[in-house]
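Good morning, everyone. Please have a look at the sequence and the model on the screen, and then I will walk you through them.

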Amino acid sequence: MKQKEIKIQIEVAQFDELSESDRRLVELAREATERSYAPYSHFRVGAAIQLDNGEIVTGANQENVAYPSGTCAERSACFYAHARYPEAKFESIAIAARDTDGKFVTAPIAPCGACRQALLEYETLAGHGVRVMLCGGDEIYILPSVASLLPLAFTEFT
């Protein structure tokens with residue numbers, strides 16, 4: 001029997017170390033948390049996607065008492081981005097969250113499995129890695145691609 005090791009590169013940055021365009025994307029993801037509808041979990045998530053046409057699309061989690069009828073911020077943003085700009089390719093996504101006390105989470109959070117799979121679909125459509133910025137209150141994790149978050153992804157070829 002042999003073993004396989006999977007490694008991912010994560011760059012860790014402070015907000016002020018980011019480029020101006022990355023800071024803007026992070027700020028928009030953080031602002032999007034304010035548009036979350038989370039009366040049940042009280043955990044508000046926002047996402048901002050930079051498209052290759054220069055547009056930035058945001059989304060926020062939307063809960064529903066008839067769980068799982070709601071949607072996460074990442075899928076809210078990516079589905080709207082493609083519906084609004086079907087020819088545009090995703091370049092980057094920033095994801096931020098506020099905890100049940102309304103404060104930004106200290107450590108970065110990662111998307112759920114369903115969101116990782118949905119985002120991977122748009123990364124495949126883009127034909128290149130889509131940068132992922134996971135925003136915590138203290139640090140921002142920067143990954144080179146969605147595939148970094150889902151190394152054994154389900155694809156049309158698996």
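Start with the open sheet: six strands, in the order E1-E6-E5-E4-E2-E3, with mixed pairing. From one strand to the next, the twist averages 20°. Strands are DSSP runs of E with at least two residues, helices are runs of H or I with at least four, and both are numbered from the N terminus. Two strands pair if DSSP finds at least two bridges between them.

A word on the source: this is a predicted model, where local features need pLDDT of at least 70 and side-chain atom pairs count only at pLDDT 80 or more, while totals for chains, interfaces and linings use all residues. Residues are numbered from 1 along each chain as its sequence is written, and side-chain values use heavy atoms, with hydrogens and water left out.

E4 (residues 90–98) and E5 (residues 131–135) run in the parallel sense, over five bridges. Which residue in E5 is the bridge partner of Ala 96? Cys 135.

Next, the largest nonpolar core. It has 29 residues. Such a core joins buried (under 20% relative accessible area, 1.4 Å probe, protein chains only) Ala, Val, Leu, Ile, Met, Phe, Trp, Tyr and Cys residues through side-chain atoms within 4.5 Å. Among those touching the most other members are Ile 49, Phe 90 and Val 132. Helix H3 (113–126) gives the most to this core, five residues.

Methods. Axes are lines fitted to C-alpha atoms, for helices over the stretch in contact, and angles run from 0 to 180 degrees between N-to-C directions. Buried means under 20% relative accessible area, exposed over 50%, partly exposed in between (1.4 Å probe, protein chains only).
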